[in-house]
Structure formats: C-alpha cells, structure tokens
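Let's take a friendly walk through a structure, one feature at a time. Keep the picture beside you as you read.

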Amino acid sequence: MSYTVSMTVNGKAVSGDVEGRTLLVQFLREHLRLTGTHVGCDTSQCGACCVHVNGTSIKSCTMLAVQADGVEVTTIEGLANGDELHPMQAAFRENHGLQCGFCTPGMVMSAIDLVQENPEPSEKEIREWLEGNLCRCTGYHNIVKSIEAGAKAMRGG
Amino acid sequence: MTATGIGAAVKRVEDFRFLTGQGNYTDDIDRPNQTYAWILRSPHAHAKITSLDIGAAESAPGVVAVFTGKDMEAEGVGSLPCGWQVNNKDDSPMAEPAHPPLVIDRVRHVGDQVAVVIAETRDEARQAAEMIVVDYELLPVVMDMAAAIEGGPQVHDDVANNLCYDWHIGDKDATDAAFADAAHVASIDIVNNRLIPNAMEPRAAIGDYDTATGDHTLYTTSQNPHVIRLLMGAFVLNIPEHKLRVVAPDVGGGFGSKIYHYAEEAIVTWAAGKIRRPIKWTAERSESFMSDCHGRDHVTKAELAMDADGKFLALRVGTLANMGAYLSTFAPCVPTYLYATLLAGVYTTPQVYCEVKAVFTNTVPVDAYRGAGRPEASFLLERIVDRAARETGLSQVEIRQRNFIPADAFPYQTPVALQYDSGDYGSTLDQAVTTAEIDGFEARKAEAAKRGKLRGIGYSTYIEACGIAPSAVVGSLGARAGLFESAEVRVHPTGSVTVFTGSHSHGQGHETTFSQLISDTLGIPMESVEIVHGDTGKVAFGMGTYGSRSLAVGGEAIMRATNRIIDKATKIAAHIMEAPEADIEFKDGKFTVAGTDKEMAFGEIALAAYVPHNFPHETLEPGLDETAFYDPANFTYPGGCHICEVEVDPETGVVEVVSFSAVDDVGRVVNPMIVEGQVHGGVAQGIGQALLEGCRYDENGQLVTGSYMDYTLPRAGDLPSFNVGTHATLCAHNSLGVKGCGEVGAIGSPPAVINAVVDALWDLGVKDMSMPATPEKVWQAIQNAQ
C-alpha cells in the first residue's frame, strides 16, 4: 500500500508516494535525490542521517516518511546560501573538522541543534552531545574545535 | 613558503562539496534502469550446504535473477585472488585455498556469501532472499588459533592443520646464543585484539554493463580502483582492462578495509553482464561487521635479552596470526613483512628472531587495518621495553635512551632486513617529554590520588615502515604486483593544470596536498589546479592508497611529472626567447633568460605549447603533458614518541585518558593542518584498540560484536583533545623528504595507553593488561591483585 506524503524540505514544498515502511532518510535520498544525508548504520547509532525536523535534529533513519507528513525538514543541502556557507559549515572547513566527509552532514546538523539549545557549549558538553554521532577519521578533536568556533560565529562572533 | 605552497596549512579544497551535501559516494550514484542486489549470507560459522533451493525466490515479486556459486563456477568465474605469497621456512609456498565469490557447497564464516538475489527494489531483493531454502549440515567450528594448528577442525580440507604458512626471519642460532649470555630476560605474552575497521561509509558496489560496446563499469568503495580492475579483470572475471572501468568516487574512509577485492564487486559486475542491466549493492552496517575484512588478531610470546646495563642483546618472538577463513588481498604480508621486519624498532638490538604461523579459522578474513603489522610490532616492543624498565629499575626514558639507534648512525641496517634512512629518536623523545610536561607528573599523580584516582603514565617510541613500497624489494618478498605509483600532469593551453594520480583519497585531502605541490613547483594558484583520481577510465594506472604511500610514492610521481613539464617548458621558452636552454631559468612561475630582461609567464609557455606555429617540429613537439611512474628506492620510516596519561577509577575500573601527547617524525610536512588531523584520527583508533574495541566471537563462531550496540567505536566523550607536534628528519631517498603520516597515530598510541594503565596499577600488583582494557577487565585485575 502506498501513501502520499507532503512536506517542506529546504523551503520547498514536496510530495511523493511512499510505502508505509519507507524511512524519512529513504524518502530524502531515493525519492528527492537529496543524497547529502547519509546512512552509516542500521541501528540508529551513527548519526550520519541527522536532519532537522521542525528545527530540531533527528536521525532520519528513526522516522517513517509518513510520520513526517506536514513537517518542515532541513537537510545539509539546505544550509548554505549559494556559495556562502552557514557559519557552522564554515567553521568545520576552517578547523579541518572533516576528512572523508561521510559523517559530516550529520555532524553539522547535530552541531547546529546543539548551539540552538546551548549557545556557548563547553568542550565537555560538546563531547557529550556528540554521543549519537560517530566519526572514524578525525578522532573528534577538530570536530569539537569546529563546533566551538561555529557556536561563536552563530552567536555573532 | 607561499600561502598555498609546501608547508602551508591550506584549507581543504574538497570540503565545500562535503559540507554542502554534494559529495558523490557510491551509494549516491544511480544508473538508469538500475536493479538492486541482496546477498544471502551464511548464519553459520561452518557448514556444508546439502541443498539450496532458489525456486521460490526466483518467482518472488520484482525478482530479476537469482545466482548461486554454482552458476558462477559454471561460467568459469575464478577465485578471489591473494596479492601476496609468503613462503614457509623450507621455502615451499603458503597454503592458498580457493575463495569463490559465492560459496560452492560449504560456508566457512558467519556472513559468507551464499547467493545473490537481484530485483527491481532493494526490499524485493531482500524479501526474496528470505525465500531461498538452504539445508546446512553443521560442521565443527575452529575459532582458537592454537587449537586450529593442533588437529582442530579443518577449515579447508586441503590445508593441513589450518596452517597457511610457518615463516621466520632472523638468525635463530645467534639469537639463542645471545639469550644464553644475557644478564636479564624480560618476557611477555601478548594478544593483539581483533578489530573491525568500521569506515563510516558502508561498502557499496554498482555493476554496469554497456550492451552497445560490451564494456563493464564497476563503481565501488575502494582505496585502489586500478588494483581492483587488475585483480577482478585478470583473475576472477576474465575481462581485459580495456573493457573494464573501475570508478572509486568519493569514498567515506578506508583504513585498509577497502583495499581487498571483495566478492560483491565481482558478483555485481558479472551479474550485470548476465542480466544486461545495472545492479547496485549497498551493505547494511550489520553486513559490514560480518563481511568487511577485520584487522590485527595476533597471539604472541616475546622475550628480550639484556646485558647488565640494560642494553638490548636480542629479541625472540613467536606469533600466531589469524587469517580468518580465506586469504584477503594483503593478509599474508601483514604479520610477516609488515610486522616482523619492524621488530628492531628504534633500538640497536643486534639479534632479532621471529617465527610466525598464519592460521585459518572460521572467522571473517583479516586484512590490513590502519598500520597493518606495524601496530602489532610496536605494541609488542613497547610493552616489553616497558616491562624491562620496570624489572631492571631503569626509568622509561633511560632504558630507551640507552638503546636508541643514534642520530648519526643512518643509514642503519637492522638485523631484520630493513635499512632505515633517517631519524632522530632521542630528539623526538625529548620533545615529547617537554610537550607532556613530565616534570609535573608526580604532582598530578598525587592530586589524582586525593580524588581516589590512580594516575599512570605510559611511553611509546615507535618506528614504522611505510611509503609502500620498492617493487624490487616487495617482489622478492612475494608481492604479486609492483608498488610504484603513476602521475600525469596535463597543462592546458591557458595554463591551468589537471593532475591524474593513481593515489586515492578517502579522507586524506589529496586534492589539497597535491595541489600545493603543483602550486609550489609551477608557481601557479591552487585554483588553477585540479586533481583527478579514482577512475581507471581517466587515470592511466595506479596502485592506490594504503601503507601511508600517497605522498611519499604518489606525490613523488607527481613531482617527477611536474619536473618533466618544467623541462619541456624550458625548451619551449628557449625556442621562443631565442636563447640557449642552459640560460633559461624558471622561478616563481616565470621563465627568464639569464642576464637579460626577457621573461615569459608559465601560462604564456603553456599557450605556446598548443599554438606551435613556428616550432621546429623535428626537435620540439607541441603539447605540455607529461607522465611519470615512480618506484621508490626504499620504504620510508616515520617514527616518534607518544606519551599518555590515564586515570583509573579503582571502584569501577574505568580508564580515562586525561592527556595524550604525540611528537611524530613524518618527514617534511606539506600541510600541517592535514598532518595533525591524520595523527588525531590515528591516535583515536589506537586508543580505541587499547581501551574500547574488540571483535568477539562465541565458541560457535557467532559474531557477538555485530553492531554499534556491541562493538565500541570510540565516541567523542571517550577521548580527550590531543597535543600533537612534529619533529622532522627528511626522508633521504625522495625529493620531497616526506615519510607518511596516515598510520603513525594508530601505530604509536596503543602501547602508550596500556603502559599508562599498567603504570597506574603496578603498585597494586597488576603486572599486565590486555587490550581492550575495559572497565570489567581492569576492575577484575585490581581485585585479583589484592
């Protein structure tokens, strides 16, 4: 059985026919071809699929597409304004907060949500927040630095 | 140094696409009219297949085809090849059992490939796979290496006692004689724990067959697409190179686990030709755990003989190395030529003898994992040196200083084949001691004690061999390929440059580092340089990225091709400016005629090369496009010192890494930001091995650590920030002076961490600690000691 879902993704109204079991991440990647949101595990541990739903970060592998009917979704593709990066994206670039890039979209989306909740997080708070985002390349050192810098930039420098 | 030249911390050019979700990983690619594959995997560690019924699956909704091992065998599909032959002590070749991409009639590890279902959607393929009826006759399982070589159940009927090879290196008699004369002998038993690499991008492969031309294309998550083309084309599927293109686009981490030519690559390529449609396969993480190659898994006994002054006389080592159920691409060389040859370490130990038995068990194949053999060597050495210091009463610094190869002793020939070209181990240790503020340790320990914590400090002074590798050397040691690298530097008419490299970036930032080489050498902006890699259809040849070889081998190939560009451009400049070639100078992107004011910019020469209106064509060809194949003269030898401080909570056994300092000699540093990032990542994986990670099977061969809920990948909260620095001595045999930085962190750090844990617990009577030092294990060790 298929269901029609409609939502706003990165400011644009979209809709599509999905199966009941279709995950939000599958809808984003396979129906909308927004492949910046990644799938790194099958147990909702890695966080590579983090997006914002109504402004809050969620793992899009833990939400069915039908549950997302009517919501506003922001993915990694929706952050930059053309070539102008979001301050958190820019901070990751400035601080070498990414290597292979696979965990990066989820890291950035999660980090923005952290700063929305806690504008001036400590290193410890950042490390605790990232419990649900795995990275195998960076050892997290530069991700933490990036988020500290990104938080500062989001506060207006 | 220019802003984008060698030595500058240039921000990475690849980051924009990754940060904006525009990376192009294999699973992001869809081909027109694509189908999806699902691999049916064995739930048993060892079983005979008595019947395999695919009838219901074939007629399930959406199914296009179902294939088994017998279908592939009937079409002459070959065995997955091993890239390295190690010989036994008696010079006979290792045992090399067949490894069909889909099993024929027997499964040998949980996750072994039984059949492939191809359907219109992934869900349909998966559902149909569940309709395949397999009757398994369970066979006895062999998991323990010691049992395996002593008459345990046979993994392969044609491999007696499951022994892949029985190999050795060094002078046994001289080593034994040195032990007979020793004033003191330290000994230690070591288990180097099996790890699951866990690149964040799961493996994926897309087979595509062009019915018009008969060309095959494979998109795959590989560190070495040309090697895959060679292995799969020549040995498995019999497709010649000109009809087979392998593309490894953006790849989300490798760490060695994406070297191996995996079964799924051959399956989708072959099956796409059969069904004449593209086929995509993407691993779920659960499949990754049970089908990506694993790493490490050694059991070792080591002894160190010393004289009365603590000078090392000899090292004697015996190791069992787990190969898993089949040989992966590089497995045989990891516990031999990448391990035992490093056992002199940074020390003047005159005699080293090591024997290694490689063993088949009912486990996932083992292959290279970050460091590959060298972490096992450094862990053994730095643990036994730590033990020797404790037993002789020398300090950890003193015992090392007494035994270091002196800075003026290079080139230094070790007793185990390698010749080190450069290093200064005393200085890296001194710098690390300063960085780690050793002077304050006792005060920090006393302060921790007030909080009920046991604080310990651990040292590791390691060496590794990378920049893999001289073809002549590895060829004589059993490598079935050369390990050179190729580069093409193509200068376009307007002066911009495209570099085609056989190295492959899966996080290392080659697009930035290699552009810096070109910008520095040709004096052009980085924006005028494009780096192309990962596509056999574009890059002439390549051996790929592993063994920290990209800059030392691939970068050097780029330098050679670039120097040929300058030579050719000099000829063009001499012709146009009507001067002898010997008078042409090239500096800062300009060709000048010595002693005159004549000059031409690099871009002007480039244009002239493609507008050769008055070239003397007999002596000067148009165009500006040069290729180089570089084969290094030796390995490179990064080394360094890692110092770790931990605090142990004796109530819970929890170990916290409270500081970690690393000073690494990676040779000349092209981009310090990237080098530091590589060290951070390596150290994190090393701390993971030491404290958190360990693959576990139960006695029936079931993988117990099969997900992120069971296998402890380091999380941000498990790690501290790191103090990293470099102390460079230049590589003596490449023009850049570079050594390699990708693996040093994972090689140097595990013994530093465990030595720190042992230091914290030594006074309680805990003499040893195996990896991973989990809270349970540490707590139990404390209880047992009391």
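Predicted model: local features only at pLDDT ≥ 70, side-chain atom pairs only at ≥ 80, totals over all residues.

A residue is called buried when its relative accessible area is under 20%, exposed when that value is over 50%, and partly exposed in between.

**A helix on the inside**

Helix α8 of chain B covers residues 263-275. From its first C-alpha to its last, α8(B) reaches 18 Å, close to the 18 Å expected at 1.5 Å a residue. How many of the 13 residues of α8(B) are buried? Eleven of them are, so this helix is largely enclosed by the rest of the structure. Among the buried residues are B:W270, B:I267 and B:V268, and also B:E264 and B:E265.

**A sheet of four strands**

Next, look for an open sheet in chain B, where four strands line up in the order β21-β20-β19-β25 with mixed pairing. Strands β21 (529-532) and β25 (625-630) of chain B each have a single partner strand, so one side of each is left without a neighbour in the sheet. From one strand to the next, the twist averages 15°.

As a reminder, strands of a sheet pair through backbone hydrogen bonds, either parallel or antiparallel. Here β19 (residues 485-491) of chain B and β25(B) run antiparallel, joined by six bridges. In this pairing, B:A487 stands opposite B:A628 in β25(B). The sheet also has a helix packed on it: α15 (residues 510-522) of chain B touches β19, β20 (497-501) and β21 of chain B. The direction of α15(B) makes about 135° with that of β21(B).

**Cysteines without partners**

Over all chains, the structure holds zero disulfides. For B:C731, the nearest cysteine sulfur belongs to B:C466 and is 9.1 Å away. Both cysteines can be checked for burial: A:C41 is buried at 7% relative accessible area, and B:C731 counts as buried at 5% relative accessibility.

**Charged pairs**

The structure holds 53 salt bridges over all chains.

| Salt bridge | N to O distance |
|---|---|
| B:R400 and B:E382 | 2.8 Å |
| B:E391 and B:R387 | 4.0 Å |
| B:D665 and B:K739 | 3.1 Å |

What does each pair connect? B:R400 lies in helix α11 (residues 396-403) and B:E382 in helix α10 (residues 374-392), both of chain B, so the pair ties together parts that are 18 residues apart in sequence. Both B:R400 and B:E382 are buried.

B:E391 and B:R387 are four residues apart in helix α10 of chain B, and therefore separated by about one helical turn. B:E391 counts as partly exposed at 37% relative accessibility, while B:R387 counts as buried at 10%.

B:D665 belongs to strand β27 (residues 655-665) of chain B, and B:K739 to the loop between β28 (723-726) and α19 (744-762) of chain B, so this pair ties together parts that are 74 residues apart in sequence. Both B:D665 and B:K739 are buried.

Finally, salt bridges that share partners form one network, whose members include A:R29, A:E30, B:D27 and B:K280.

Methods: Residues numbered from 1 in each chain as written. Chains lettered and ligands numbered in written order. Heavy atoms only, no water. Pairing = 2+ DSSP bridges. Helix = DSSP H or I, 4+ residues; strand = E, 2+ residues; numbered from the N terminus. Axes fitted to C-alpha atoms, helices over the stretch in contact; angles between N-to-C directions. Contact = heavy atoms within 4.5 Å. Expected span 1.5 Å × (residues − 1). Buried < 20%, exposed > 50% of the residue type's maximum accessible area, 1.4 Å probe, protein only. Disulfide = S-S within 2.5 Å. Salt bridge = Lys/Arg side-chain N within 4 Å of Asp/Glu carboxyl O.
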